[in-house]
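User: Could you walk me through how to read the contacts and cores in this model? I would like the general idea each time, and then the case at hand.
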Amino acid sequence: MENLNSYLIVSAVLFSIGTIGVLTRKNAIVIFMCIELMLNAVNLTFVAFSRYLGNLDGQIFVFFIMTVAAAEAAVGLALIIAFFNNKDSIDVTDVNLMKW
Amino acid sequence: MSNVLSLTTFLPILGVLLLLFIPKDSKGVLRNVTLAVTIVTFLVSLTILTGFQTNADFQFTENVPWIAAGPFVMRYNIGIDGISLWLVILTTFIMPIAVLSTFTAVEVKVKEYMICLLLLETGMLGAFISLDLFLFYIFWEVMLIPMYFMIGIWGGKNKIYAAVKFFIYTMVGSLLMLVALIFLYFKGMEAGITDFGLLNFFSLKLDMATQIWLFLAFAFAFAIKVPMFPLHTWLPDAHTEAPTAGSVILAAVLLKMGTYGYVRFAIPLFPEAAHKFAPVIATLAVIGIIYAALVAMVQEDVKKLVAYSSVAHLGFVMLGVFAFNVEGISGGMLQMINHGISTGALFLIVGFIYERRHTRLITDFGGLSKQMPIFATVFMIVTFSSVGLPGTNGFVGEFLILLGAFESQLRWWTIVATSGVILSAVYMLWVFQRVMFGELDNPKNQKLADLNAREIAIMVPLLVMIFFMGLYPKPFIDKMDPAIKKLVAQVRVASVEAKAIPGAEAVQLPAGHPPIDQSQMQMPLPAGHPDIKMASPEQGTPAVNQHDAK
Amino acid sequence: METIFFLIITLVAIISAILVVTCKNPINSALSLIMTFFCLATYYVMLDAPFMAAVQVMVYAGAIMVLMVFTIMLLNIRVDASKKHSHKLIIGSIMGFFTLLDLGYVIVKSRAALPTGPFSGDMIKQLGHTELIGREIFTSFLLPFEITSILLLTAIVGAVILAKKKI
Amino acid sequence: MFDKVWLIPLFPLIGFLINGLFGKKIKNEAIIGAIGTLMIFLSFLVSCGILMQMIGLPAEQRVFEKVLFPWIHSGNFKADMAFLVDPLSVIMIMVVTGVGSLIHLYSIGYMHGEEGFYRFFAYLNLFCMSMLLLVLGSNMLVMFIGWEGVGLCSYLLIGYYFHKKSAGDAAKKAFVMNRVGDFGFLIGLFTLYWWFGSNHNIWTINFVEIKAASHLLPYSGVVTVATLCFFVGATGKSAQIPLFTWLPDAMEGPTPVSALIHAATMVTAGVYMIGRMSFVFVKSPETMMVIAVVGAATAIFAATIGTAQNDIKRVLAYSTVSQLGYMFLAMGVGAFSAGIFHLMTHAFFKACLFLGSGSVIHSMHHALHKIHSNDDAQDMRNMGGLRKAMPITFLTFLVSTIAISGIPGFSGFFSKDEILWQSFSNPYHGNLNILLWVIGALAACLTAFYMFRLVFMTFFGECRINPKAKSYLHESPLVITIPLMVLGALAAVGGYLGMPKLMGMLPNYFEHWLEPVFELANEYGSTYAYHGAHPSHALEWGLMGLSVVIALVGIGIAFTMYVKNTELPGKFVATFPTLHRAVYNKWYVDEIYDYLFVNPCKALGQFLWKGFDVLVIDGVVNGVANVVMGFSGIFRYMQSGYIFNYALSMALGVVVMLSYYLFK
């Protein structure tokens, strides 16, 4: 039975790796995956706390996060496809129509 | 029929609706219809003049619920008294003249121009008649928009800069006023005031600190509009870029909004603060007079010169208003109307020569009086009215202002301001000489046509008013007198009470001012409620000892 | 014994997470992400939340990652050739490092008193985790549950509209 | 007849309206001239009527106030359009209308052929109306209407030849200097009004009421301030020391204008004002001293300049300034009636001199025009020996010159000598009076010198005019010479009205006539006057003789220099070149004024406009606008369009917030 802190440390590490991934990678889909990774890190914290607090709310909340993640993934990928259709690349730096 | 006031104010709006149906390119019809509407408005406003009884309370009042948004209750509360009567008449009097002057001046987008003119008229009239602080603010803003378009679209070379500068200058001031308005309303709510009506704010007793801040906010907004000394730079730009009719109305009526604001709102609402700041404002006014006169002397552009001259004239008005006695304020009110007429006429004259030569530089003219004799006589009469020659309207107002200010605590300021009389003669005559006298050397000047019938028709009413008000100003002064006496009593009573209010920081009248002893009181000191029904003092008191107010 | 197992799983998880970020080929990063999801699932099991682990595997690894892989295949993205070490790499890692620093500090410092809720560890074992969650979801959390279903609906419609060329 | 007094200013007003509005259409010079002259003549008749009626009345009933209509009534301030008829104003209206109608008649001839003929007569009538308003006004405001009205008309008439730039400048200079005087007048008016109102609750500017309340006035203090301000007004209008430079330049206007305005009527407004408010002026000894000193100083100063001028009208202008100095000297020493008497006699002989010089210029101009030479028709150097060509003008000119130089028997002698005597024996200024008398006598000598210099240079010696034009020189037509003859006669005879008591032959009607007006002033004066022994008659005779001798010396010098050996002036100029140049250039007073006032004002105006208005205020306004633009430029980079920047700022936000909470 590991105590709470170790789980939190793991999720912190995963979360920062996810952040680094989002900030450094140029490929849109990899950025998506990193976001998923960050979300899961958060899920882990939720479950860890719910387990140690003996209160299931955390875990239920994880369900909601999952649905959101799913919805986000769907819409995100649709966006990427739409973007790919007219830009033939999913490189994030090409998303610069708004640049003045 | 009590709603003649609303009728006068919103008649131009009906005119606008009428104009909408007229096709864009039939310019002649558009111009004549607008002229007709403005003349009808003038005639309707004359019925107000005839129906006006000379007493101090508000007449033709209408009070209809308008907006009730939560704590804020705004009513359509309008009415005029002696002070705002003549400004309304001046507005309706100037409008037909301004419209008549645009017959040849504006050729492009005539329909929109005429609509702007009529909207402007409604805005101005509304501001003068509204007794509800919020309604006044609404009309105060409505006025800006058409003037902004007139300068911005039909203006001269850098019209955009002038229009934007004019707009932002006034907006900054009015936003400050809005904040003060709302703060005042909350203060009022504590004292049980339910709506924005002006009258119940008169009886509201504010402690000195809040009064100072509120007065400063109001004073700042109106100072920009007057324009007072440091905040005046928008006026020359706005005037040089505005079309003739625009600058006539801007000079004749819009500038009066500032001084009217002081007389109607800033001074009666916050009398102690007004007394406290009177020396400061008087100093600014006097600086304005001398500064504007000196700067006007070296101008090359005639319109800029006339603009600076109106800064100087309005400096006089401010001096008169802050004398807080009947002569000073009635002189100020009279000077407002005179300035409207004489400076309006001056701008029309500049407009005539601009239409002929399309230049405003003084050096381009010279020796016109041989070529255009009628124009020369008209220009001369108006110059002397603007310089304030006795017998013309300028003198009556200026004299009363200086007299009133001399009696009040502003004695040294008056002496400096009186030197402004010399400077105004210098720059006006210098421009008159450089334009009219001298050799007719410039070939372009030799072929200039004299004033045609339309232009003479424009100038005749103004000249008649110049001499009528100069020689027999009694009807004008009598109609104003009761309202001004009530205002003076209100301001004096408050300033005396201010000393009595324990907590309030005592109002130290500047050392020079003799203590307010009985002899200063023109009226027996009314006890209790400052809203006094002032019976105008009976004429024919014995010649030698005027008022035994002891 | 258990801690050793925990350490192994943590090690695997972190390595696969790093792989997700560093691999050039998106497919490899997708697979390593799936590997991370499995480690997480084992964590959930260790935290006496077997149903959670099952759902985790099904939803994330099964559904979302399949979708990701599918999109990668659809768009047959080449390996991003130009690996210019732009300034983003440095800034990104600094930011990541700082987030780690903050979170770590939080974890180490926090002394919050932990009020224990009604469900202790052994209770979950007797009643069965799924039944407990089921009871919780359909009683107190019914409204959020319905809202999430609507959310999913909108997501579906959105995805369809976005991806289709012409409506 | 008294209540018909409002007719007097009304007639010239009607004349002005007719000529002003319809003059262009009438075009016929005779009609326009006739209307103008008739109108002023009618008011002359009315004023004669009033004079006759007043002579019939005993002294105390001679004050009558006629209120026409209420003009400005606001609060305590009451000003009606009201006229005051009393011995002083009757004299003034007689002088104004009398001399005025003669000059109108004269200018019909003189202005013949001018293209702005109707305009000239319209302005001349307007001037007479304003002057009559000034003189008849029963309160200070009506007087002020006249005061500024005459200023306006002098602006219009000086600038009559508006195509000449010099005329325009002279007109503007005259008006501005008058305006400076009006500034003083206004301040004086306010002080008096405020002092009476705030201390005794008498809110009035009416002369009669002020006279009634004048006993309340203290003996100096506020009265000195008020009277000094009024005196500034008087100097502005009557061209005394500080504000006199406009009068010589006013010679740009046609000669009848100079005769009417700058000799007989307008310039005397200041003297009249002091006379009208003598009871206030007397109350402050300091001001009386200032008036006397300034009067004497102006007399001597202007006389020196007059000696070296070559333009015939400039000489007469400076002589007017100097004679006005005498009048102020008389007022300053409390001899009010002597001052007014000199005013009247001066009006006669100075008008006659101006008209005489006008007729000379007229015929010179006519002659030079005939031969198309553009020598200056007014320069004395190309005149000479005109007495044969223009006998009548010469005779009247000579009579007036004798009058002005103070030769016994003529009007000038009586009035000027009375002033000299009064200044010597006045009880107010203690030992100053000897100095005043010496200055007065010196000025009298110089006056005699330059007047006879003028006569000798124009009428005697050989004719220096362009030989070809000599034949065209002939006497001016009758319409010009009749007024000359009338004025010449008045100049000769006028003095006997106010024969000093010493002479004994005739009672001093003039002083007796003005007694009621000034007796209150003399009574106030006597309270602080020095009651020493009244100087003996012998001394009076002696001084009178001395002044006559001085005048004769002046004439002698002029005779030797300009008739006996004409190269003497050349030698004199050679020996004192700098003095001559200084005197010729009017002691550089104009240049000093330009340097002290005009240029600094322009420079200040330029600096204030370009420097303060454009740079500072607009700088601040535009500066604020630019600052806002600058900031918006910076913030614009935040929205760079790269997703990475947005993600980065989000992460940065998280980190910052976290660390803030952690380490707070």
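Analyst: Happy to! Two residues are in contact if their C-beta atoms, placed from the backbone, lie within 7 Å. With that rule, no contact joins chain A and chain B, whose closest C-alpha atoms lie 26 Å apart. Chains B and C have no contact either, and their closest C-alpha atoms are 35 Å apart. This is a predicted model, in which local features need pLDDT of at least 70 and side-chain atom pairs count only at pLDDT 80 or more, while totals for chains, interfaces and linings use all residues. Residues are numbered from 1 along each chain as its sequence is written, and chains are lettered from A and ligands numbered from 1 in the order in which they are written.

User: Which chains share the most contacts?

Analyst: Chains A and C do, of the four pairs of chains in contact. Their contact takes 69 residues from chain C and 62 residues from chain A. To see which elements take part, note that helices (H or I, at least four residues) and strands (E, at least two) are DSSP runs, numbered from the N terminus. On the side of chain C that touches chain A, α4(C) gives the most, with twelve residues. For residue classes, Ala, Val, Leu, Ile, Met, Phe, Trp, Tyr, Cys and Pro count as nonpolar, Asp, Glu, Lys and Arg as charged, and the others, Gly among them, as polar. That side of chain C has 48 nonpolar, 15 polar and six charged residues.

User: And how many residues does the contact of chain D with chain A take?

Analyst: Eight residues come from chain D and ten residues from chain A. The chain D side divides into six nonpolar, two polar and no charged.

User: How do I read a helix pair across chains?

Analyst: Axes are lines fitted to C-alpha atoms, for helices over the stretch in contact, and angles run from 0 to 180 degrees between N-to-C directions. Helix α16 (residues 393-407) of chain B packs against helix α6 (residues 165-200) of chain D at about 50°, with axes 9 Å apart. Angles under 35 degrees count as roughly parallel, over 145 as roughly antiparallel, 65 to 115 as roughly perpendicular and the rest as oblique. α16(B) and α6(D) are therefore oblique to each other. Among the residues that meet are Leu402(B) and Phe406(B) from α16(B), and Phe190(D) and Trp194(D) from α6(D). By class, this contact has seven nonpolar, two polar and one charged residues.

User: Is Phe347(B) buried or exposed?

Analyst: A residue is buried if 20 or more other C-beta atoms lie within 10 Å of its own, exposed if 12 or fewer, and partly exposed in between. Phe347(B) has 30 other C-beta atoms within 10 Å, so Phe347(B) is buried. Phe347(B) lies in helix α13 (residues 326-357) of chain B. Beyond its neighbours within four places in sequence, its contacts include Thr244(B), Val248(B) and Val306(B).

User: What about the largest nonpolar core?

Analyst: A nonpolar core is a set of buried Ala, Val, Leu, Ile, Met, Phe, Trp, Tyr and Cys residues joined through C-beta atoms within 7 Å. The largest here has 433 residues, and those with the most contacts inside it are Phe218(B), Ala266(B), Leu319(B) and Ala351(D). Helix α15 (residues 336-370) of chain D supplies the largest share of this core, 19 residues. Another core, of 68 residues, lies apart from it and includes Ala41(A) and Ile72(C).
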